[in-house]
Amino acid sequence: MRVIRISTLDEPGLADYSGLTDVALRRVSEPAGGLYIAESSKVMARAIASGHQPRSVLLQEQWLDALRPLLDPFDIPVFVGDAALLESLTGYNLHRGALAAMHRPALPPAAHLLANARRVVVLEDIVDHTNVGAIFRSVAGLGADAVLVTPRCADPLYRRSVRVSMGTVLQVPWTRLPDWPEGAQILAAAGFHIAALALAADAVGLDEFAANAPEKVAILLGSEGDGLSRAALSYADSIVTIPMGHGVDSLNVAAASAVALWALR
């Protein structure tokens, strides 16, 4: 690594941390595929252990020695500055000590992830990054094989998603799934039974479904406001509901994912 101590914000390479939003980072043409920001040394370590390549690192002086073993193998700039300067650059206090601009890995085709999987989670148009991160944490902890997200779903590599997931979005295999009907066709071709979590008069209870679950199940979860779209429900093989009490009809989507994964473990 190449340590560069900064006292101004004019150093080339700092634009990754100031001039680009998370949406814009996905569109950076060099390298192809864009960037994402890894926040904290723990997340950086998980990203590198998963084979992701850093482009640069931004940190406070007191974190430099602790991160040397992790960063020394890479020929990258490591920008070091005081807390006030880094806050003026990024717009918030780097209380976790370090940020890394990481190259986005190429996403595999959905069919590749499904080939050897038995339990997967499909996220349709979930827009809250906290929910996405929490679902990935449940997937990692409760043993599903992969996550597939629709084109309008929030970015799993957004900083908040990564942070809420405790870095597990960097470990759980995931990719984008095309819109319906192509997405449903890919799942069906891989032998998956699509189980949509939704409220419906003809829904089967989760406990009943889990007692005789198919060998391969894709748990389909919908957006926070409207739930699953009509198109998604039309391609579901089963509509499954979590039995509730006390007049409550549903759970937050992240909580529902954990309950369903536990039942189908």
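This is a predicted model: local features need pLDDT of at least 70, side-chain atom pairs count only at pLDDT 80 or more; totals for chains, interfaces and linings use all residues.
Which residue stands opposite Leu220 in E11?

**View 1. Open sheet of seven strands.** The strands follow the order E8-E7-E6-E11-E9-E12-E10 and pair in parallel fashion. Strand E8 (174-176) and strand E10 (204-205) form the edges, each of them pairing on one side only.

**View 2. Pairing of strands E9 and E11.** Ala196 is the residue that stands opposite Leu220 of E11. Four bridges link strand E9 (residues 193-197) to strand E11 (residues 217-221), and the two strands pair in the parallel sense.

**View 3. Helices H7 and H12 against the strands.** Helix H7 (residues 129-142) packs on the sheet, where strand E6 (119-123), strand E7 (146-149), E8 and E11 are touched by this helix. The direction of H7 makes about 175° with that of E6. Helix H12 lies across E6, E9 and E11. Relative to E11, H12 runs at about 160°.

**View 4. Largest nonpolar core.** This core comprises 52 residues. Val78, Val121, Leu123, Ile135, Ile219 and Leu221 are the members with the most contacts inside the core. Helix H12 (residues 253-263) makes the greatest contribution, giving five residues.

**View 5. Surroundings of Ile135.** Ile135 is among the residues with the most contacts inside the largest nonpolar core. When residues up to four places away in sequence are not counted, Ile135 touches Val121, Leu123, Ile126, Leu221, Val253, Ala254 and Ser257.

View 6. Asp16 is found in helix H1, which spans residues 15-18. Its relative accessible area is 6%, so Asp16 is classed as buried, the limit for that class being under 20%. The side chain of Asp16 is joined to that of Arg55 by a polar contact of 2.9 Å.

View 7. Gly245 lies in the loop between strand E12 (238-241) and H12. Because its relative accessibility is 36%, Gly245 counts as partly exposed; that class lies between the limits of 20% and 50%. Gly245 and Val217 are separated by 28 residues in sequence and by 26 Å in space, taken from C-alpha to C-alpha.

Definitions and conventions:
Residues are numbered from 1 along each chain as its sequence is written. Side-chain values use heavy atoms; hydrogens and water are left out. Buried means under 20% relative accessible area, exposed over 50%, partly exposed in between (1.4 Å probe, protein chains only). A polar contact is a pair of N or O atoms within 3.5 Å; within protein, one must be able to donate a hydrogen and the other to accept it, and residues adjacent in sequence count only if both atoms are side-chain atoms. A nonpolar core is a set of buried Ala, Val, Leu, Ile, Met, Phe, Trp, Tyr and Cys residues joined through side-chain atoms within 4.5 Å. Contact means heavy atoms within 4.5 Å. Two strands pair if DSSP finds at least two bridges between them. Axes are lines fitted to C-alpha atoms, for helices over the stretch in contact, and angles run from 0 to 180 degrees between N-to-C directions.
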